[in-house]
Structure formats: structure tokens, C-alpha cells
Amino acid sequence: MDSVFSQLCVLGSSLVLIFGLILLWRRGVTAYVTAFKWQSIVLSAVTGIVAYYGDDHELYWVAGALVVLKVLVIPRLLRRMQRRFAAERELEPYVNTATSLVIAGLLVLFGYAITRPLVALSQLPTRAGMPLAMGLVLVSLFVVISRKKALTQVVGFLMLENGIALLAVLGTYGIPLIVELGVFLDVLMGFLVMQIFIYQIHETFESIDVEQLNRLRH
Amino acid sequence: MIGYALEVAQAALALFLAPGVVGLVRWMKARLQNRRGAPVWQPYWELAKLFQKEVVVSNNASWLFRATPFVVFASAVTVTFFVPILAVPLPFDGVGDLLVVVYLLLLGTFFLSLAGLDPGSPFGGMGASREMTVAALAEPTLALAIFALALSAGSTNLGQIVARTMSDPGSALSPGHLLAFLALFIVTLAETGRLPIDNPATHLELTMIHEAMVLEYSGRYLALIEWAAAVKLLIFFSLLGNLFVPVGVSMALTPATLAIAVVSLLAKFVVLAAAVAILETRIAKLRLFRVPELLSVSFVLALLAVTSSFLLR
Amino acid sequence: MNTFILLLGPPLVGALMAAVVRPYRSIVGWTNALLSLVSLGAAVSLWRHILAGDVLTSGPREFLRADALSTLLALCVSAVGALAAWLGPGMGGDDGYDGAQARRFRIFGNLFTFTMLFAVTSNNVGFMWIAIEATTITSAMLIPLHVTKASVEASWKYILIGSIGIALAFAGTVLGYFDFVNLAGRQEDALNWTVLMAAAPHLHAPVIQLAFVFILIGYGTKAGLAPMHTWLPDAHSEAPAPLSAMMSGVLLAVALYAVIRWEAVANAAVGTGFTDGLFIVLGVLSIVIAAFSLVVQQNYKRMLAYSSIEHTGLMCVGLALGPLGTFAAMLHLLNHTVAKSMMFFLAGRVLHRYRTTEIGGVSGLLRTMPWTGGLFAAGMLAVVGLPPFGLFISEFALFRAGFAAGRPWLMGLVLALLPLAFVSMIGRLNRMLYGAPAAGIAVGEGSAWPLIPLGLCVTALVVLGLTLPAPLQTLLERIVEIAGR
């Protein structure tokens, strides 16, 4: 029983990480939004699986909130933005695609290295997926640093949050419910504010290329 | 003794079936495109025709040009001795493992690239450089993908990997295996020159890689190279089928199990050929500068597979 | 219980009032200003409780708690919040903001103050995280109060880098929780700082170390530590003056507060060597980058922002120098808050008169606005660490702690960098104070009453520079105990 649980969690975590890699491979924002949506679906599924096998009913609520927030609400808002800025594709990122992917692989290895004490310490059957969650965190950080479009950076940030949520679910079967709800609220608020700013950037600069944001130096 | 005979029989079977597999893929593609298409054994007629034709060699070509077809063919046939096609364990398992297989395949590619450069034609040089770009990313991925399996099996010996997976069927669904399968599938497409990396039916300068290297060949040399390419496709299909889904691979060397092995092998070929045909029909060829991106994705998948297997040992 | 309501309630009420009253009327601003004094009074009352020796807690599972560290920060936040309420837009008169902007400022400014107060009085590190994330959101809404290309750029960098930093801090919080859960199982109040501190000696070293690294990088981004500081000069210079004062004065301090909370846990778990090393690296890096950046500054608000980075770096280094160093760092935090917020308010007045943030565009300040210029000069002298102002005393205490802790080379390095900042800032001050004002700049103070609270700030700095009142000393000593020194 436990090993099926374990395998499912690792499978889910791998899928979550692979959806994160899509941000480095594809160029269109449509692909990014779809990848984020599917990543959130898999994340909710993993949360549901942990709730089922771990006998923790609070996690069902968390999974539900994840679905509502990150599968329904945020992708819808992202699609609206993407329809507005559809012409902007990530054509010349700071680091090119092939190199980015290799760096992502190395970052995942690094994630494995730093989570070794965690995996060694934990007794939970879900511990094998934690390095993958950490890998997603590092890869998302890399996405934000190396991409030029504001929308890509926002999706990268959202995936970073997904990675940390996955780490919390796998490591501790979730954090206390009230804190979790507060976190969701914060993420939603943060995303809404970012959305406002992207519209403002577009109005002021006629493009969402953050390379244009270079007036303030030194 | 029986083992050695079986090895030879296995290699002969591979040689015999290879053009059929290529024909099967072509036939399925044709059917998917609503054409009648050539029959499945058309490649056999083509090989027979080529063996009877005259060989024309460029004046600028050296000994390398004449030697390459034999090297390529020999390396492909040698690999069939080491790959678990019908049964494990086999006597040559002690000599050949994962790394030997990879290097033999690379030997063939290397000589083919040199032969592309040898006659001094522009198409050949272009094909050689493109092929090297693809091989530079595909070969490490191939090694890594199979290495992911080797980690859980505890040995890089291909026969042992198959035996291990057969004894522990649950591990076939582990993330390491699935990721390695994905990575290996993409490498198969790259190494055998299939869409979306290379179009095996084109001779347009813009799109050809493998065809560009063999453009100067004719007659029996071309026949040997085409046959070797078909054997390579069969080898990769065998790897994909037998390493990941070793259903039906014969452990004892009895006629009954061998018969089952042949039948299951054919079944796997049909499935894989269908997959390749469907993929080739649905996906357009990638622009050349996008090919390294796809191969990097497969490299990262293979890397993830290795780390997955390593952690879940 | 009442004290906490009196502390946290007024900003919420102020925000609500501003949201409800449309169009904006200055009565909202005046009510807000009076309410902010209630908050300040509550903070002082907390101080009295600390001096009497008891630590107030409140709420289910004691999620609100005000020990000495919380009290110091609550005092700073409520004081600067009061300053912002009194000197901010929407108090009537010509301050360069229209009704809509004033209303926006009152809503989000009050929410900003509330979230900062909640962050420092929260016992639950999860709630602390939520509050600090909320500070990013509420302050980001205010930066582009005047929509220009520069302010949009600044606010985008702020929200993106700030949110990412906070997310990393959340990862650190999760890791700390993971460590605790593996030790003691899941409990409802497992995220309470008091519970973590009790369990700290048994926590596992590698995990808590990894958690602290994430915490330091995450909250350090909000505190302005290098190399995560890139958003700070832009955000602090483009924001309107009252917001810059709050951000530079107290938001950096609140982020540092979060780091200190986790430092206490880490020190109890693995000893002080680990956190010391990290603090020194990041602190020195911040001081170096800030000092060298100050040399090329042409914009006086950016200059003040880089000075904030430098002082945060100093505080960070101080935290690594044992109990004496922590004492000095906390004293420095208090002094810096007073000085920097005052400076940003004064910069706001200068900007309103001269209409430019370029140092080259401002000259003859002593002639056009003698009192503002005088206070500006006093504040600048304070910020570079000259006597008789408080920052001189705290920096001196820091160096003494450094030499006592056996780190002479480190102190030498810092001592060599401070004059760099000193020379750059004083040079620019001179350019701004003297000379002939450009044509078209009106002479005279304009509305002079805001100078009274700012003058009080200078007085406070002088008092802190000449003496250390006993209640303050007790408060700081309690803080040193909390930080585990």
C-alpha cells in the first residue's frame, strides 16, 4: 500500500517538475499558461492522494482551494492577459533554450543535493518527491531571472509558489489550515497586483518587455 | 553451444526483419495519409535492386568512402549480438554492455559523417555537420537513459537490466523508467533520422540530414548503408520494447519460449511502428535550430530519470 | 487584549474610513492622524509592561505576543505611522496630491501600517509571513501614486523581487516546520515561535541550517541586503515621500525582525557560529555595494535609499558580534528609523518645492527654506554617523563590540568603508544647501507646522546621542536575551 502511495507521489512530483520545464522550452505565453494550469491540476491531485492515504481531511480542503484558485481563477485571468499581449513571445531570452534546459537539469541535481538531509530525516512515504519539489523551486527562480517578458516572470513566480506548496505537502502533509488559507489569499492578492502592474507597464511602455524597464540605473 | 547458435540466429533474424520494419512504418504512414502506399516488403525489393546496380564513385573520394559502408553495416550487425532481442542471458553479454553498444553506434555515425565529407560535395559536408549537432546531444542522452535503468538493476549489462525488470514488474512503472522511456523515444527519433528531427524521404537541401551524408552513394554501397539504417531502427525498437516492457522475453532457451519471444517482439514492433507513423503524420519537421532544444529536453528528462532512479534505489 | 486592539485597531479603522468616504475629505486625514496617536500610546503601554517584566499575549493559541523585540518594533512602526498620518497627503492644504491620490494613500497606507504591526506582534511565524507578504502588496499599490515610466518600473521590480523573496522565506518557514514536525509530530500551534524556541535544542542541524539560509535570503530581500537589494533604490526613490519614509524607516526593520526571530531559533539549535558567518557575509557585501554606489549618486532620494542599505548591512554585521553587537544593532535600528524617516519627509518637502530629485537641480536650500534646510542638514549629519546624534553612539558601540568579539579585521574593513559614504553624502549635502537657488523657486517655508514633528525627531536623535535612558536600556537588554546571546 505504502509503496503505491510512494510511487504515485513521485510520479506526480515528476510531472509537476516537467510542466515547470516547459517554461524553459516553449516560447509562447499560451503554452506557459497551459503548463501552469496542468501543473496545478497535478498538484491538486497529489494533495488529494496524500489526503486519502495520509488520512488527513484538512488536505481535501486545501486541494479544493488549489483547484479553485490555481486551476480556475488564475489561468482564466492569465488567458485574458495573454489575449491582450498575444503578440509577445519569448523570442530572445537572456539565456537560450538549449543552455537553459541543461542549466535546469543541473539545478535539479543541486536540488537533490541540498534536500538530502531532509530525505534522510523524514519518515514519511512521500519523502522521495521532495527533491523534485525543490528542483521546481530552483528552476522557477531561474525562469524569472532569465526571461524577458513580464508575463513569463509572473508565471515563473506562480510556479515557484506551486513548488513550495508541493514541498509542504510532501514534507509535512501540509501546514496548518489557517496558515494555508492565508497563504492562498496572499498569493491571489499578489497575483492581482502583478496583473495591475502588467497592464500599467503595457500602457506606459507599449510593450511588456522588461528590458525596456532600464531607465533607473545605479 | 546453444547460446552461441541462438546469438547468430538472433542477428540473422534482425538482419532479415529490419527492412520489413522500415517498410511497416512507411506503409502505416501511407495508410494514415489516405494513400495505398507501397507494400510492407517493398524495402526488400529496393535492396535487391540496389545490389545489382553499378557503383559510381567520385574521383575525389578516398579509401574511407569505400570502407564506410562496410564499417557501418558491421557495427550495426555487431550491436545486434549485444542487444536483448529474443532472450536473456546470452553468452556475449559478458563482452558487450550499455557502453559498448553506445560506442558501436557512434562508430557508425562517425564513419558516415566522415564519408559525407570525403568526396568534397557540399551536401555531404552540410549533412555531416548537422548530423554531428544531433549526435552530440543524442548520444549522451542515450547513455543516460539506459544508465537510469542500469542504476536500479545494479549493472550496465543490458541482459541483466531486462532480467531485473522481469523479476520486479512494479518497477516498470516507476518514474525513473517512464522518464527514461520518454527520453529514449526522442533519441530513437533522432538517431534513426525520423520526423520531427529529420525527414527520411526528403532530398531537399533545407531539410535533409542523413540523406545528405549518403547522397554520393550508389549500388551495393548504398544498399549496405540503407540496410544498416534499417537494422539501427530495429535495434532501437528492440531496446525500447525489451528494456521497458520485457514481456515475452525468453529466459530459458526452449523452443516454446523462443516462439513466444518472436511473437511478442513482432507485436512490440507493430506498436512502436504505429507510434512512429502517427507521430510522423501529426508533427511537422522542426526547424534545424530548434532541434537542439528538443534534444536538450530529452537530455534533461534522462537526467531526471537517473536522479529519480538513484534516489529510489 | 485591550492593548493589542488599541495597537492594531486604529490603522484598520483609518483604512475603513478612507474606503467608505467618497469623495475624499480632509476630515478622514485628521481622524487618521488622531487614531495613529492611539496606536502609539498602545505601543508605549506595551513598553511599560515589558519594563514591569511581563509579556502580553492574546488570542486563541496565543497567536499575538509582545515581547521586548516586538515592543521595540511596534514603537518604531507606530511612531513612523503616526508621522506619516500627520504629514501625509490629504490633511488639507497644498501638498501636491489630489483627492483620489490622498484617499488611496490613506487606505493602503493604513493597511500597510496594520500589516507591519501585525507582523511584529504575531507569535505564529506563519501569520508573520502572511503579514509581511501583505506589506509587499499594500506598499506596492502606493508606489505608483504618480504614474510615470520610472515609477511603473520601480513598482514592477519591487513587487516581483519582493514576492520572490517572500516566497523563498516561505520555503524556509516550511522547512523549519518540517524539522519540528519530524521531531514532535503535527500540532496546531507548531508554528508558534515560542513552541519552536522550546523545541529548538533538539532540532536537526542540517535542516534548520537550510531553513535559515532560505529565511535569510527571503526576508533579507525585503530588508535590502545585498545581493538581493536591486529593487530598493528604485522603489524608495520613486515612491511618494511618506511611503518612502515608512519603507526605509520601518519596513526594512520589520524584515530584519523576522530574520532575528529565526536567528534565535537557529542559534538555539546549532549555536551562533553558523548565523554569524552568514550575517557577516551579507552585511559586509551590503555595506560595500552601498558605499561604492553612493559615490556616483545624482539623485538625493536614491542617495538616501543606498544609505538605508548601508545601515541595514551595519545592523546585520552587528547581529553577528555577540551580545554587545546585538545591543548595538538594535540601538542602531531605533536611531536609523528615526533619522531616515525624518530625512525622507524632508526630502518630500524639498521635492515639492524644487520639483526635481536631481541633486544638481537643488541648490540654495538654506536660503529658500531655512528651517527645512537646517533640519535636512542635521538629519544628514546624523545619518552619516556624526556626533551628537544617536547613530554615532550606536555605531561606536558596534565597533566596540566587534573588537571585543575578536574581529579586528572585519571592523577595520567596515571602518574603511564608512568614510566613503560620509564623503559622498556630505559633499552632496553641501551642494544642496549652499549656492544660489534657481530662478522661479519660491522662497519661504510654505506650510510650516509639519516641521514641528520633524524637529521632535531631531531632538530625539540628539537625546539618544547624549544619553541612553534606562527604560530603553532595559528594553534592549531583554532583546539581546531573546536573540539567544
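This is a short walk through a predicted three-chain model, chain contacts to start with and local details after that.

Okay, some housekeeping. Residues count from 1 along each chain as its sequence is written, and chains are lettered from A, with ligands numbered from 1, in the order in which they are written. Since the model is predicted, local features need pLDDT of at least 70 and side-chain atom pairs count only at pLDDT 80 or more, while totals for chains, interfaces and linings use all residues.

So, who touches whom? By contact I mean two residues whose C-beta atoms, placed from the backbone, lie within 7 Å. Chains B and C do not touch, and their nearest C-alpha atoms are 18 Å apart.

Let's take A with C. That contact uses 36 residues of chain A and 38 of chain C. On the chain A side, the elements giving two or more residues are helix 5 (116–121), helix 6 (130–146), helix 7 (150–172) and helix 8 (177–205). When I say helix, that's a DSSP run of H or I, at least four residues, numbered from the N terminus. Helix 8 of chain A gives the most to that side, with 13 residues. By class, the chain A side splits into 24 nonpolar, 9 polar and 3 charged residues. For the classes, Ala, Val, Leu, Ile, Met, Phe, Trp, Tyr, Cys and Pro are nonpolar, Asp, Glu, Lys and Arg are charged, and the others, Gly among them, are polar.

Now B with A. Here 16 residues come from chain B and 17 from chain A. On the chain B side, helix 7 (175–191) and helix 11 (291–311) are the elements giving two or more residues. Helix 11 of chain B gives the most, with 11 residues. The class count for the chain B side is 11 nonpolar, 4 polar and 1 charged.

Next, the core. A nonpolar core is a set of buried Ala, Val, Leu, Ile, Met, Phe, Trp, Tyr and Cys residues joined through C-beta atoms within 7 Å. Buried means 20 or more other C-beta atoms within 10 Å of a residue's own, exposed means 12 or fewer, and partly exposed is in between, with C-beta atoms placed from the backbone. The largest such core has 378 residues, and V21(B), A145(B), A302(B) and V254(C) have the most contacts inside it. Which helix gives the most to this core? Helix 10 of chain C does, with 21 residues. As for A145(B), setting aside neighbours within four places in sequence, its contacts are A180(B), A183(B), L184(B), V187(B), A302(B) and A305(B).

Let's stay with helix 10 of chain C. V259(C) sits in that helix, and it is buried because 27 other C-beta atoms lie within 10 Å. Not counting residues up to four places away in sequence, V259(C) touches I215(C), L216(C), Y219(C), G220(C) and A223(C).

Chain C has a cis peptide bond from R22(C) to P23(C), omega near -5 degrees, and P23(C) is in the loop between helix 1 (2–20) and helix 2 (26–52). Another cis bond joins A226(C) and P227(C), with omega about 0 degrees.

Y173(A) has phi near 55 degrees and lies in the loop between helix 7 and helix 8 of chain A. It counts as buried because 21 other C-beta atoms are within 10 Å. R355(C) has phi of about 60 degrees, and this residue counts as exposed, with 12 C-beta neighbours inside 10 Å.
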